[in-house]
Amino acid sequence: MLRTVLTRTFPQLSRISACQYSAAAIPAPSTQPDVHFSKLFINNEWQDAVSKKTFPTINPSTGEVICQVAEGDKADVDKAVKAAKDAFRLGSPWRRMDASHRGLLLSRLADAIERDAAYLAELETLDNGKPYAVSYMVDVPMVVKCLRYYAGWADKWEGKTIPIDGDYFCYTRHEPIGVCGQIIPWNFPLLMQAWKLGPALATGNTVVMKVAEQTPLTALYVAHLIKEVGFPPGVVNIVPGMGPSAGAAIASHMDVDKVAFTGSTEVGHLIQQASGTSNLKKVTLELGGKSPNIILSDADMEVAVEQSHFALFFNQGQCCCAGSRTYVQDSIYNEFVERSVERAKKRVVGDPFNLNTEQGPQVDEEQFKKILGYISSGKREGAKLMCGGGVAADRGYFIQPTIFGDVQDNMTIAREEIFGPVMQILKFKSLEEVLERANDSKYGLAAAVFTKDIDKAHYISNGLRAGTVWINCYDVFGAQAPFGGYKASGNGRELGEYGLDNYTEVKTVTIKVPQKNS
């Protein structure tokens, strides 16, 4: 079942043997991988927190502690920023390094991650709860592709010569911004680390990264690989810690030149404010979403049902771009709901290390309780619970795949980001109506439309206020294509050539010459 979903969304998986995830396709996982690194990584050294404090990282499948991790705070961020600032000083090994060699280091990092793919997938599943098959076949390969993509850009991010008037020679330089603070979320720990590191390092910046306290383990192992492949000390620094302490220290630090954050819109507001009250550091934000997924009456029903299921339930529903408002045209609404409920009831929830599992646990107890609260809200406000709605296991943070029908736009479950396996299905009549309703949200991260009519597809995609629109597909990502949001879903773009802009200062240099000639 999982293979079918992944194959349709990630075509590269179609090359896997037709049998269900054979040992030849995916190595058998260790369900208790050793944790090798749990300290702060500063200046290419493993360090305890200045305070000596630690925090537990939890296995969401069981609720049990995996290990204790060093808890960085402001004092540790200060140390990391100093290391990054020293690594960025004029004449440093990093600043003097050829751009092509920066690209070579990124390529070597991608190779090392690919070499250790099985272990990283095991660790990701242990700490995050996502199915091991997804960690191994989707997350890790996308990390490798992202780093290799930006490795290729390192010596191709060029300035221009500009023919200004007069006897002058004018050119631009693309220069790194400097020390970049990066704060990444827990839903795709490895992948979000790569999205941040790739463009920052390709363009010659140094990094202080705060990883999510729920999922610090794979990022720390990648830090070990960063040192192994030869990045100079201080270029990348990894500080596990809490948002209100370590994260806030990065956002307000006077020696951090830029901050990139992926997470909630609420925290995005705080980061913007911290920039404004400190040094006006550059800010890029990839925030929340409540993405509309529009199913027209002429859509291929089988494809629309399966892709809409994937759009919402992939990664336990913990996707910022999840298709969490499914708008279905009235003439096919009943059939779509019936088929979607049938599909959700077949979804395999359980041990994420089992290769048949499609859905693991939510990331932690806080998220688990929050989602159950939204389910209660949906029932209380009059939505029709079609399936699921409860806890799916005796221990751990498992929730049943849940579908609500007869959802109205003003219901809490249709307005707020649930970030869990809860699908809302709404009915519409006309294209104009659904466009107006789809855009009636503070968010604008992603959207989709399913139709066989190319004119309708273009009309709707042009009218949607969203940074990404998928047509007859969902959650299709490539390192080459930019991703980011409109409105309260953030600002700036990650991935693609556009992603380099956010880590670049453009310097104009004008030289007086004796005589200019064309």
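In the predicted model, Lys130 and Asp139 are both buried. Their side chains are joined by a salt bridge, with a separation of 2.6 Å from N to O. This pair is one of 27 salt bridges counted in the structure.

A further salt bridge connects Arg347 and Glu358, whose closest N and O atoms lie 3.7 Å apart. Both residues belong to the loop between helix H12 (333-346) and helix H13 (365-380), so the contact ties together parts that are eleven residues apart in sequence. Glu358 has a relative accessible area of 3% and is therefore buried; Arg347, at 10% relative accessibility, also counts as buried.

Within helix H15 (residues 431-439), Glu433 and Arg437 are four residues apart, about one turn of the helix. These side chains form a salt bridge in which the closest N and O atoms are 2.6 Å apart. Arg437 is classed as buried because its relative accessibility is 16%, under the 20% limit, whereas Glu433, at 25%, counts as partly exposed.

Turning to the strands, E18 (residues 446-450) and E19 run parallel and are joined by four bridges. Ala446 has Thr468 in E19 as its bridge partner. Strand E19 (residues 468-471) has Thr468 and Trp470 on a covered face, while Val469 and Ile471 lie on an uncovered one.

Note on methods: Residues numbered from 1 in each chain as written. Predicted model: local features only at pLDDT ≥ 70, side-chain atom pairs only at ≥ 80, totals over all residues. Heavy atoms only, no water. Buried < 20%, exposed > 50% of the residue type's maximum accessible area, 1.4 Å probe, protein only. Helix = DSSP H or I, 4+ residues; strand = E, 2+ residues; numbered from the N terminus. Pairing = 2+ DSSP bridges. Salt bridge = Lys/Arg side-chain N within 4 Å of Asp/Glu carboxyl O.
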